[in-house]
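Here's a quick tour of the structure, going from the packing inside to the spaces and then to some backbone details. Have the model open as you read.

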Amino acid sequence: MSRTFLLEIGLEELPADWVVPARDALRERVTAHLEAHRLRHGEIRAYATPRRLAVLVDALAERGEDHVDVVRGPRRKAAIAPDGSWTSAAIGFARARGVPLEALRFEGEGEEAPLVAQVTTPGRPAEDVLAELDAVILGLPFPKAMRWGNLDVRYGRPIRWLVALYGEAVVPLTVAGVQSGRRTFGHRSLGGPIDLPSADAYAAALEKGFVLADVEARRARIVAGIRAAETAYGIRAADDPDLLDEVTSLVEYPTVFVGRFDPAYLELPEAVLVTTMRRHQRYFPAYGPDGRLRPYFIGVRNGTDEALEVVVRGNEKVLAARLADARFFYTADLARSIDAFNAKLAEIAFHAELGSMAEKKDRLVRLADALARRLQLPEADVRKIRRAAEIAKFDLATQMVYEFTELEGVVGEAYALRFGEDPDVARAIREHRRPLGQGDGPPEGTVGAVVGLADKLDTLVGFFGLGLIPSGSEDPFALRRAALGAIAILRAHRFPFDLRTLVDLARAAYGPRPVRTADGQAAPFPVDGEALGEALWAFFAPRIRAHMEEEGVRHDVAAAVTKDAGAPIVRLFERAAALQALAATDDFKPAVEAFVRTANMARKAEREGLLAAEGAPAPADGGAADRPGAESPTASTDAAPYAFRASKDEEGVERTLRAAFSALEAALRAGRLSEPAEQTLAEAALRARAAFQGATDGAAELEALLLLVEPIDRFFTDVLVMADDADVRAARLTLVAAVDRLVGRFADFRQIAV
């Protein structure tokens with residue numbers, strides 16, 4: 001026999017964005033609990049409203065299935081005495097497993113065959129298993145938890161009632177002082193207490209109490225109501241899936257209505273109207289066939305259509321009051337000028353130690369201008385970027401943004417156009433804040449991209465310079481979002497900046513302004529550039545790797561290409577994509593093995609003092625390991641910080657690469673590489689270096705390096721690198737070092753598993 005099981009948790013209203021995740025978590029955890037106890041069941045349906053979470057389990061068995069384990073014990077030679085009787089070891093094994101001796105058997109033949117017993121664990125009654133769901137209920141995850149009363153319980157919201165029915169029988173549960181029963185509750189104002197005769201009556205009984213417990217059913221009713229309203233009024237509701245999800249989780253019994261507002265308010269910027277309707281009132285803005293905003297809005301009432309006209313008038317009054325405020329702010333703001341608003345930025349703090357928004361604005365101008373000139377953009381674009389940086393933050397001082405903070409940037413664009421600014425400059429005011437979060441893209445225009453990059457770098461360098469680095473889940477200054485935004489901009493616009501250059505430019509924009517460090521000591525800002533760069537690279541590198549892995553790049557490949565902090569960030573992504581593509585071919589394994597063998601030989605020579613960092617043989621009067629700075633830029637396994645240090649000056653590892661190839665060319669001129677395999681590899685290295693330096697993307701760089709694979713294999717097959725003759729050994733190590741330095745510019749292949 002089987003019965004339907006119902007579990008409902010009655011709560012104070014949950015935030016809209018908690019409802020569906022909590023429903024899904026309850027279904028998953030109840031399912032896992034039943035399956036862990038081998039209780040067979042049919043479909044499990046989950047329900048949720050702001051005031052309840054529930055699961056309905058069809059055809060739940062009355063008892064769990066028995067479980068049979070095969071347990072192995074002592075071997076035959078230890079289980080059978082010489083006279084053929086059971087030994088104490090066998091008797092003890094049977095007693096411990098709760099099986100009679102006659103049920104034991106041997107698995108196989110011979111003295112080594114183990115004794116085995118089949119141990120049956122009987123299934124538990126469903127009532128006993130269901131009575132343990134209190135732990136499942138209390139284990140539900142919520143973004144935040146609260147306490148109430150004098151209970152030592154933390155939960156998303158206070159629990160007000162609990163229903164647990166197995167068929168017609170109440171399953172005894174006590175959670176947070178609330179005992180289970182058969183009583184649920186309908187709509188807060190339209191319904192009342194409902195005593196359920198059985199679990200099967202749940203959905204129908206709630207609907208009679210003006211509650212649609214099924215999330216999808218509520219969403220479907222809202223969509224149907226919107227479509228009917230569109231047909232009746234000749235309008236089109238804004239396509240807004242997020243708002244639809246939010247409204248669905250805010251109501252228990254939805255009824256769609258249409259309201260109007262004074263067409264005179266259409267003179268306001270559309271973004272102001274849309275934000276007021278959507279964010280503040282949860283209305284769907286309405287558009288005409290021409291795509292222009294119409295003086296209508298579509299709302300959703302939590303109730304029936306009784307006295308709906310009264311509800312509509314009330315919502316119209318509320319919206320009219322908000323729009324009247326917006327028009328007042330709009331009119332007052334337009335009576336001023338951008339210069340006036342910029343002057344007020346001095347009164348708005350960015351951070352106590354980093355100055356006002358006016359100071360941030362001045363830094364943006366310097367940094368954006370420096371970035372634009374490094375990019376060698378046309379002078380007309382440089383002027384636009386400078387102007388956009390000058391006015392990017394002016395709307396923070398407007399009354400409109402003070403009242404509607406979510407309109408920062410949007411209001412700036414609208415006002416800038418009204419004040420006669422260049423459209424590209426106005427657009428950059430809005431775009432420079434992007435991406436605003438997950439799912440949003442970077443700025444589309446170059447002007448907005450440069451200003452946005454400058455804005456994010458200024459924030460990152462400033463707070464990291466103060467030692468305010470995010471830890472754990474804490475990130476009060478949204479520095480993770482700033483880093484991800486900077487990465488997105490660099491990728492989308494293919495700006496060829498490495499992190500070292502970006503940090504240096506941002507530090508320079510701060511100038512010598514003194515600040516107070518984390519330990520309270522006065523110090524000039526920025527702090528030591530090398531330490532700052534190491535900290536930022538340690539912050540950026542994992543996010544770059546995470547981006548790569550989200551796009552299907554192997555973890556080890558992502559780790560290999562992010563060893564070099566001196567490469568442009570966009571180039572790191574190109575290298576990862578090229579390596580990932582190579583990994584799907586037969587050429588991948590031989591290439592990795594060849595490059596790793598070269599790297600291992602170079603590391604061994606360095607450790608033994610036979611090779612200096614620049615790739616030349618170590619001087620006879622002292623090993624390379626004894627000389628300052630002799631360590632190879634690719635020799636460290638402490639990837640992120642050392643990678644940044646290795647690229648801290650303008651030439652970075654390129655200087656080491658040049659030195660290595662200079663030593664190689666000198667060896668060739670001196671005739672110290674005379675073996676065919678040596679000459680073949682040396683010639684291939686020179687060709688690969690030229691192709692690598694001329695490559696315009698990561699794929700072309702990898703193609704250049706692949707020229708080395710066969711010559712490397714032949715070299716190590718035909719040549720004894722560590723020859724007894726010191727001059728011969730030195731020349732061959734010089735060749736190995738040059739190849740290793742070149743390959744190391746692309747990736748640390750030792751990180752890759754094949």
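Leaving aside neighbours within four places in sequence, Leu-453 is in contact with Leu-371, Ala-486, Ile-489, Leu-490, Phe-495, Phe-497 and Leu-502. Keep in mind that this is a predicted model.

- As background, nonpolar side chains in soluble globular proteins tend to be buried together.

**The second largest pocket**

- This pocket has a volume of about 590 Å³.
- Its lining takes in 21 residues, and the ones nearest the centre are Lys-393, Glu-408, Asp-455, Thr-459 and Arg-481.
- Which elements each supply at least two lining residues? They are strand E17 (349-351) and helices H12 (357-374), H17 (446-465) and H18 (479-493).
- H17 turns up here too, with the largest share of the pocket lining at four residues.
- Sorted by class, the pocket lining has twelve nonpolar, seven charged and two polar residues.

**The second largest cavity**

- There are two cavities of 30 Å³ or more.
- The second largest cavity holds about 90 Å³ of space.
- Twelve residues line this cavity, and Ala-599, Asp-740, Ala-747, Asp-748 and Phe-749 lie nearest its centre.
- Helix H23 (588-607) and helix H29 (726-746) each supply at least two residues of the cavity lining, and H23 gives the most, with four.

**A three-stranded sheet**

- Three strands make an open sheet in the order E4-E6-E5, with antiparallel pairing.
- Strands E4 (67-75) and E5 (105-106) are the edges, each pairing on one side only.
- E5 is joined to E6 (residues 114-121) by two bridges, and the two strands run antiparallel.
- What stands opposite Phe-106 in E6? Look for Leu-115.

- Most peptide bonds are trans, and most residues other than glycine have a negative phi.
- The bond from Arg-434 to Pro-435 is cis, with omega near -5 degrees.
- Pro-435 sits in the loop between helix H16 (423-431) and H17.
- Arg-38 isn't glycine, yet its phi is positive, near 55 degrees.
- You'll find Arg-38 in the loop between helix H1 (16-36) and strand E2 (44-49).
- Is Arg-38 buried, partly exposed or exposed? It counts as partly exposed because its relative accessibility is 25%, and that class lies between the under 20% of buried and the over 50% of exposed.
- Ala-307 has a positive phi as well, near 55 degrees.
- Its place is the loop between strand E16 (293-302) and helix H10 (308-334).
- Ala-307 has 39% relative accessibility, so it counts as partly exposed.

How values were computed. Residues are numbered from 1 along each chain as its sequence is written. This is a predicted model: local features need pLDDT of at least 70, side-chain atom pairs count only at pLDDT 80 or more; totals for chains, interfaces and linings use all residues. Side-chain values use heavy atoms; hydrogens and water are left out. On a 1 Å grid over the protein atoms alone, a cavity is a set of points where a 1.4 Å probe fits but cannot get out, and a pocket is an open set with protein on both sides within 12 Å along at least five of seven lines; lining residues have an atom within 4 Å of a point. Grid points are joined across faces, edges and corners, and a volume is the space filled by probe spheres set on the points. Ala, Val, Leu, Ile, Met, Phe, Trp, Tyr, Cys and Pro count as nonpolar, Asp, Glu, Lys and Arg as charged, and the others, Gly among them, as polar. Contact means heavy atoms within 4.5 Å. Two strands pair if DSSP finds at least two bridges between them. Buried means under 20% relative accessible area, exposed over 50%, partly exposed in between (1.4 Å probe, protein chains only).
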